[in-house]
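Student: I would like to learn how to read the charged pairs and the helix faces in a model such as this one. Could we go through them step by step?

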Amino acid sequence: MVKYETVKTTHEHVVELAQTMRQADIEEAWAGWHLTPLEALEYMFKITKDMRTWLIDGEVGCIFGTVPPVALSSKGVPWMLTSEIFPHHFMHFCRGSVHYLEEMKEEFEFLENYVDARNKDAIRWLKWLGFEFDNPAPFGRDQMPFMRFTIQGYV
C-alpha cells in the first residue's frame, strides 16, 4: 500500500525535486522566469509561507505553497511544482488538494497566478479545483502563452 503524507518542506526536499522535476514544470519555470528547477525552488523556498511537500512512499511528489501578498494587498499567489512520479498519483492528490485550497481561501481575499498554456495537467487540476482562466497571452521572459488563473477567497 502506498503511503502519502504532507510535511513541512526542507531544503533536502527542494534538492530532490530539482533533480526529479516533471518536464512540463521545468519548461514553465524556464519560459516564465528563466529559472532552472533548483533556482525556482530555492527562490520559492525563501518567499513562500507554509511551503509543503507531498511525499509518496517517502519520495517528493510535489512541493507547493502560497506566496503572501505584498503590503496593502490581500492577494495570495498559489504555486506547485511536481516530480516525474506525481502523474501516477494525480487523483489521490486531487482529493487532498481541496483541503489546502480551502485553507488558502480562508487566508486570502483573492488567489492569482499564471500557468504555461502547454501545461495541460496543471490546467486540468486547477479547473477541477474551480479556478477561472483568462485566455492565453504572452507572458514572462520568453513571452510564451500563459494563462492567468484566479479564484475568490473568503476574506
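**Reading salt bridges and a helix face**

Tutor: R148 forms a salt bridge with E112, the closest N and O atoms being 2.4 Å apart; a salt bridge here is a side-chain nitrogen of Lys or Arg within 4 Å of a carboxyl oxygen of Asp or Glu. R148 in strand β8 (residues 144-152) and E112 in strand β5 are 36 residues apart, so this pair links distant parts of the chain, strands being DSSP E runs of at least two residues and helices H or I runs of at least four, numbered from the N terminus. The model is predicted, with local features needing pLDDT of at least 70 and side-chain atom pairs pLDDT 80 or more, while totals for chains, interfaces and linings use all residues. Residues are numbered from 1 along each chain as its sequence is written, and side-chain values use heavy atoms, without hydrogens and water.

Student: Which residue meets K75 in a salt bridge?

Tutor: Side chains of opposite charge can pair when their charged atoms come close. The partner of K75 is E112, at 2.8 Å from N to O.

Student: In helix α1, which residues are buried?

Tutor: An α-helix has 3.6 residues a turn, so residues three or four places apart point the same way. In α1 (residues 11-20), H13, V14, L17 and A18 are buried, meaning under 20% relative accessible area, with exposed over 50% and partly exposed in between (1.4 Å probe, protein chains only). On the other side of α1, E12 and Q19 are exposed.
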